[in-house]
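I opened the model to look up how its parts are laid out and where they touch. My entries follow in the order in which I made them.

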Amino acid sequence: MSASTLIPTVAIEEDFRERAHEALADTQLRNNFRSAMDSLMTKRAASFSDAHEREHLRALGNAVRARALSKLPDLLQQLEANLTRNGVQVHWAETVDQANEIVMSIARRRSARQVIKGKSMVSEEMEMNHVLGAQGIECLESDMGEYIVQLDNEKPSHIIMPAIHKNAGQVADLFHEKLGVDYTKDVDQLIQIGRRVLRQKFFEADIGVSGVNFAVAETGTLLLVENEGNGRMSTTVPPVHIAVTGIEKVVENLRDVVPLLSLLTRSALGQPITTYVNMISGPRKPGELDGPEEVHLVLLDNGRSQAFADSELRQTLNCIRCGACMNHCPVYTRIGGHAYGEVYPGPIGAIITPHMVGLAKVPDHPSASSLCGACGEVCPVKIPIPALLRRLREENVKAPDASPRIMRGQGSKYSRKERLVWNMWARLNSSPTLYRVFLKAATRLRGLTPSNVGPWTQNHSAPKPAARSLHDMAREHLAKKSGDPR
Amino acid sequence: MSELFYNAVPNATRVAPPLPTPRQYPSHKPRKVYLFGTCVVDLFFPEAGMDAIHLIEREGIAVDYPQGQSCCGQPAYTSGYTDQAREVARSQLALFAEDYPVVVPSGSCAGMLREHYEDLFKDEPETLLKVHALADRTFELTEFLLFVCKVQFKDSGAPVKVALHTSCSARREMNTHLHGREMLAQLSNVERIDHSHESECCGFGGTFSVRMPDISGAMVADKTRSLIETGAHQVLTADCGCLMNINGSLEKQKQALRGQHLASFLWQRTGGQQ
Amino acid sequence: MSARQNILNKLRNSLTGTTPVPDNFDEVLVTQPWTYTPEQRIPQLRKLMEAVHTEIHLSTEQDWPALLAQLVTDRQLPSLLIAPTTAHGQKVTAHWERNPGLAPLKAYNRPVEEWKAELFNDTPASLTTTLGAIAATGSLIMWPTPEEPRLMSLVPPVHFALLKASEIRDNFYQVQQEMNWAAGMPTNALLVSGPSKTADIEQVLAYGAHGPKDLVVLILEDA
């Protein structure tokens, strides 16, 4: 009989549990993820071989992000002013609907038929492909991994490597089936096929969409990193470039980018730098021969201001979207990205999604973790992820009428029964008398331990209390020592 | 360190605490220590608690085991029941009030005392003083034996291969994995073998193991397989939550391999009588 | 109220009574581990760039046009796109004139809209200069200009880049400081660290994703 058997397991949101269960049974998926995550972890470690440099750089990254957040509204205004001065049109959206409206109005004005996208997780929050598609506008992904998942009508399963859940054979099948090319498993050939298809799309597109890795307030600059070149293509070839980003992505100074860029590329893929670092500060100027005529930036809130409002939860917004947390997460490794069912998977997904869609929609996110802390250990900007998960659990089990209201969906896992159990547990553990009575009962009645204690015995033999508690043995031992027959 | 931001405006943007400096240990053995047994040891592995007491007493140090102790509060804390955790933590604080070191045969519970009691009492400046004082004199068992007692163990056992598993919070909050390794390295007949994915969580995570049994089960299955693959005769750990998890799984799988608390192993290997 | 106003108001409310986090930027941390002696710079740059399949040749102010011609011929490139009004463009034109029989030169001298199809489908290689390089990360610095536009270093599958040895700097921080980037950024500034690549399929590295498949750097040791 242990405390754990007294906790009634509140019915878990079926979707997450079902998805996790399916993923766990999918050997192919687990193997794909295991080897991919191992590889990414090794790469990151090799890239940060100097522990001193690594820890000080993480501290600097954290300080730079904290400084930016501490001045966020001022920096956003400064960013807007400088971007505007540079000829970039800045738009603000509280919700994804508003953001989509902004994009649609630009598309309509330009009579756009084809949109080509560089990689943007914010555009996934917006479900931009779907929204534009419903209006008859082709919105095609150009990042190879994103292109692959789009072709297969899937969502990305990782924020840096969207098709990481697939192996070469699966991609070969997909290309063969959907593109009609000869079957080939050769990765170089598959990439060349993608290159050929997408080159035509860069050529034709009316609008290019991108994300933003860092928006520099000081100079009015959008900084984008990539290895493939599709980002540069999407932001240079089409006559219109729309960049979409979260309001938290602004940094104060250009020099602030230096440590963040190093942390990002080394944490994500173990690279000293990406193939391209693309710094855009405006549309085509008179006399320039290429580049978009129009450049737009859409600043999206979508729940970030909720995280911002609470000093502890605000740290969630330090994130520079490197993916290291999910690469090191033993839960993510085993269930993959799709099981989370939302845009951002893994540890960062667990702490940011509740702000974006409300806790009621993702009530299990905060609990999808053993709090092992591997994520917090590698986060380049030192987000205290385990502490934030714990905090979200606290918000999750608050009474629905509890105040202050911190979050949408607060109290979505509230259970009177569960609360009662924990109250009893607290009473038991704060009263030496009660606790000793409990110990006596548990040890004496150990033979009555049922062999099936619900979720515990799914994976373990039934736990049996010892014949005597430590309280008992210690008291006897110490009494003997002091010669005091108690 | 956290005094800095607890004195700041409550809605101030937080900066991570400064990088920790290596812990300074007392230069002399104390005459007396408290033992904080932990609830899991109390009910499921009391022999580990007794062996911890034996190991300490053999160093000439008296052990006080306050009978009023129960649990550090971690299960409620990690489940989001902060008020309940605070209630239990407060009662423990009162029991370890004298200025003796508190030795804990569990890295995760030691970590709770040292790192998280701060958070529980962040709105009570006076209690915080007690919390800081307690944190300063809280030691995980292996740490205490190595750096305060400066033990030099002599191995009196037959050659054996072991695998060492360290709980995540012990590893990340208390560096227990390093202390465990150093401790075992003192035993000449003990060969310690690294298991694959050594630093990966065993899947216990307290209530995680019952809330998410599918995922937890997958993690402990991988952990046990990795431990078995080392060919070790024995699994050792300084954390009883993990021990319960790993042993429970091994038993269900009908595997021969079992885990033992590091304290018991050390006591037995160095000539201690049961 | 506009979305802009709502967002800014929310953020401001959340920060009531707070003061900004001070700026304690650790300059030493981002420069000291990434500082090289003059003799180390080229080797460091080469090590990083060649690790990601960049082709690097050492040359001189005098010799590079001939080297370029050789490289173009060896690769059997049907043409080479240059910026004819630049100094280096003029050197190429002059060398090509003295050596008939080389692959024809193309000029990027009109807006891309006027010749987009040709740029995309029939421009196998280009030559651009650079603003220097960063040894710490193995990166070329490029600031495209009206004379030498952005797409030159992106669309043609083979990109030749000229780099003066004296313009190789140690780290990104130093570059920003010495060149005073904070005072004003151009329409587009780039760091280019190799040919285009991706590991999106099963983590297997493949080169030539969307950007150039080949990056060939001519380092002018005496420039």
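**Domains and contacts**

I started with the division of chain A into domain 1 (3-40 + 306-396), domain 2 (48-302) and domain 3 (431-482). I note here that the model is predicted.

Next I looked up the spacing of two of these domains. The centres of domain 1 of chain A and domain 2 of chain A, taken over C-alpha atoms, are 24 Å apart.

I then checked where these two domains touch. I found 24 residues of domain 1 of chain A in contact with 26 residues of domain 2 of chain A. On the domain 1 side, helix 3 (27-47) and helix 15 (324-328) of chain A are the elements that give two or more residues. Helix 3 of chain A gives the most to that side, with 4 residues. I sorted the domain 1 side by class and got 15 nonpolar, 6 polar and 3 charged residues.

I turned to the two chains. Which numbers of residues of chain B and chain A are in contact? I have 61 residues of chain B against 64 residues of chain A.

My last entry is the class count for the side of chain B that touches chain A: 30 nonpolar, 22 polar and 9 charged residues.

Technical notes
Residues numbered from 1 in each chain as written. Chains lettered and ligands numbered in written order. Predicted model: local features only at pLDDT ≥ 70, side-chain atom pairs only at ≥ 80, totals over all residues. Domains from an automatic or database assignment. Contact = placed C-beta atoms within 7 Å. Nonpolar A, V, L, I, M, F, W, Y, C, P; charged D, E, K, R; others polar.
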